[in-house]
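Here is a briefing on how two protein chains meet. Look at the sequence and the 3D view first, then read the points below.

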Amino acid sequence: MPMALSTQTATDDDQNILLARIDNARSVSNILKAIHFKETATVFASPMGLKVTVEDAKCIQANAFIQEGIFQEYVIKEEQITFKINLTILLECLTIFGTGAVGGSCTSLKMCYAGYGRPLVLMLEEEGVLTDCSIKTLEPDEVLDFNFSSTNVINKIIMKSECLKEAFNELDMTSDVLEFLMSPDAPYLRLSTFGNAGSTHSDFPKDSDMMESFQCAQTQTNRYKVSLLKPSVKALALSSRVSIRTDNRGFLSLQYMIKNEDGQICFVEYYCAPDEDVDDPEH
Amino acid sequence: MKCVVPGANIKVFGRAVHSLSKIGEELYIEPLDHGLALRTVNSSRSAYACFLFAPSFFQHYDDGVGDVSSQDSDDTLRCKIAMKSILTVFRSLSTMEKTVERCKIKLNMKDSRLVFQLYCRHGIVKTHNLAFIECETLQAVFSKDMCPNSLTACSKLLCDAVMNFQNNQEEVTLIVNPEKIVLKNYVEDEPDPTKVMHTNLSLQPEEFDYCQIGVDTEVTFCLKELRAILGFSEVTTLPVTLKFETAGRPIVFSIDSDSTFEGNFVLATLADQLTQSQAPTQSRSTTQKSRSSMKQSRTPHSRSTMMNHRPGNGGDNRSNTRNYGQSNAAERTDGLEEFMNDENDFDEMMIQHETTINHRDQTNIHNNKQTIDSKHKHSEDLSVRSKGDNSVVNSKGDHSNIDYSMEIMRSASPTAGCSKTNEESPVIPILGSRVKITDRSLDETDITMEDGNHGNDVDNQDNNEEDDEYIPGTPPAKRFRSLFFGSQDLTQTQHKASTSVVLAADSDDDE
């Protein structure tokens, strides 16, 4: 099918059921990079904005929220639009003019979607140079519902991302698991790895000035596969604050507050299922 | 054992660990009463490094001796840790500098873990529980005071000099005479010398903080290791002191911060054929030196003399004096006395230890016996001395032109009052790659030397009086060496292979 034709029709606004325009494409691309650990992502568009979901191994799910207020223009003609797309290609297109935040030059983005079976059309412009991309959309798969509800949350910690960044960057990758211990008593929050060199523990006291909120009802120790959590480092790196929550099943929710270049706030969250065999006495 | 590194010193400590990691794969840790010793040796035993951090370096230092809870048999911790393990603790030095307020190192005997606790900003505590292996002390016997050549330079000078060499340059040669100091890249005989780039850098003695050239010489050593040394010295901005004698004798790089810490890197140097006979001079350094060297760990300022430890060679004392004309009489005497006292220990040690070079048992035992029997007899041939002997491996006697002489003594728990030498394994200072067979013209000379003198080199004026008990007719050390010195095998084989390629020009055509 001739790409040129489909591009032309796609830019016809009447056809589009979704249209989003933003002056700085990096506001979208940076957030999406934070969840880019698989090739494909599922996009959910609603009047509230965009939610992009990436999953792996049926154990981990990352969601990026780009609310409609971020966009200069956001028009949606349906209540819920869902499609799957190749995230790698989407990111390459979004960053086609380069990734650097150099010299104030911004790439502006216009995204259009004409409905089921139609491609996602991007138009990017920087300093008079225009690029248009048409990316095929795919049949959306069902995404996991981790059923993580606030009512089941046992422990919740909100802290500044800075100190956690270091701990995650230096995660001992020879360890299979990352163990989260959250407790109303010392050591309060402890991240542990058990690798070839030995065990490593990072303790974060609840009265640290890095802690913004510490609500732990009971001592919980849960282990998660390092390989699954490692991608969350990207989101952590962009974020300024992070909330760590575990529920009664030991599921972990990490929510990252990310400020984009224009000072607007977006959220990325990661859900992770615990590694079984948690009941090893080894510590 | 428990010690606390204050935040200000973590950078230095971490850098020391990093530079050690570029030398060897395992870090030997030993808390001594005069400080914490971190040591390593490379796989081919041609480079040894030791950092000694005095108690003043720490906020709190407790070497654990006399610690009630520890076992009697190992009341001091002597352990080694994989470099990778400790690098996980000191991974990101720049971050550590900013965030770590202090680092506590302690021994958790119960779980057999060496614990590094980093107390960081914001109340964060990072604990690393590292598994260690108990081992004997790693200690090299080397001499600093007896070296006729000594250069001290700020590390910037050396860094700038070293920058001129390609990154893949393996070895450099330092050529010294009182007028100038030259650094050049070392090129093995290539089939076509015109295809190789030669870099030659000259420095004036005035550029050095201190320059004393007693013996005009050329020493060749590994550049990669020098870079590791400079990586550390750069950070501390302390000057680096080079002490060396001549080709074949080790070169010692020292970084000394008054009495807070001291770093010593001992690199083996290439011995070329002409100076090969000098190798025997190693034997000059006797045990007494080694004894003093064993004392090294006890007295931070003791510059243990002599690389080669030969049991029973009290006579070296004489030779040392003669050759260097330096008066370390006091030290030597002390060493000698100590040596005498320790002689029995050596006997025992030698009996206890396995010879790593089995096939040489006969040769070496023979040698050793003699050396033990007569203290003043220079029985050594520079070939491997086995058994408890701080063997120096000189490839003298081989056709190989490369002799790296360095002796590393492994000692286990200290016997009362003596240096810590329970176990000694021979040290083979052979630096892998260089079995040179290419210089044909000299081969014959070699052979002559070997048969005739066991290394009492005719050419060598300086050295001498070795009464080597080298057993003539023993197959060239190099061949056997290859059996024992792991990495050597490969390099030797490789070298041989490459040599054979050179020899048999057609082999390539077969492909």
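**Where chain A meets chain B**

Strand S14 (198-204) of chain A and strand S9 (residues 125-131) of chain B run antiparallel, joined by 6 bridges. Strands pair here if DSSP finds at least two bridges between them; strands (E, at least two residues) and helices (H or I, at least four) are DSSP runs, numbered from the N terminus. In S9(B), B:His128 is the bridge partner of A:Thr200.

This is a predicted model: local features need pLDDT of at least 70, side-chain atom pairs count only at pLDDT 80 or more, and totals for chains, interfaces and linings use all residues. Residues are numbered from 1 along each chain as its sequence is written, chains are lettered from A and ligands numbered from 1 in the order in which they are written, and side-chain values use heavy atoms, without hydrogens and water.

**Interface**
- Contact (heavy atoms within 4.5 Å) links 18 residues of chain A with 17 residues of chain B.
- About 1500 Å² is buried between the chains, counted as accessible area (1.4 Å probe) lost on being put together, summed over both parts.
- Carbon and sulfur atoms give 44% of that area.
- In chain A, A:Glu166, A:Glu170 and A:Ala197 lose the most area to chain B.

**Salt bridges**
- Chain A and chain B share 2 salt bridges (a side-chain nitrogen of Lys or Arg within 4 Å of a carboxyl oxygen of Asp or Glu).
- B:Lys126 and A:Glu166 form a salt bridge at 2.4 Å, N to O.

**Inside chain B**

Terms used. Buried area = accessible area lost by both parts, 1.4 Å probe.
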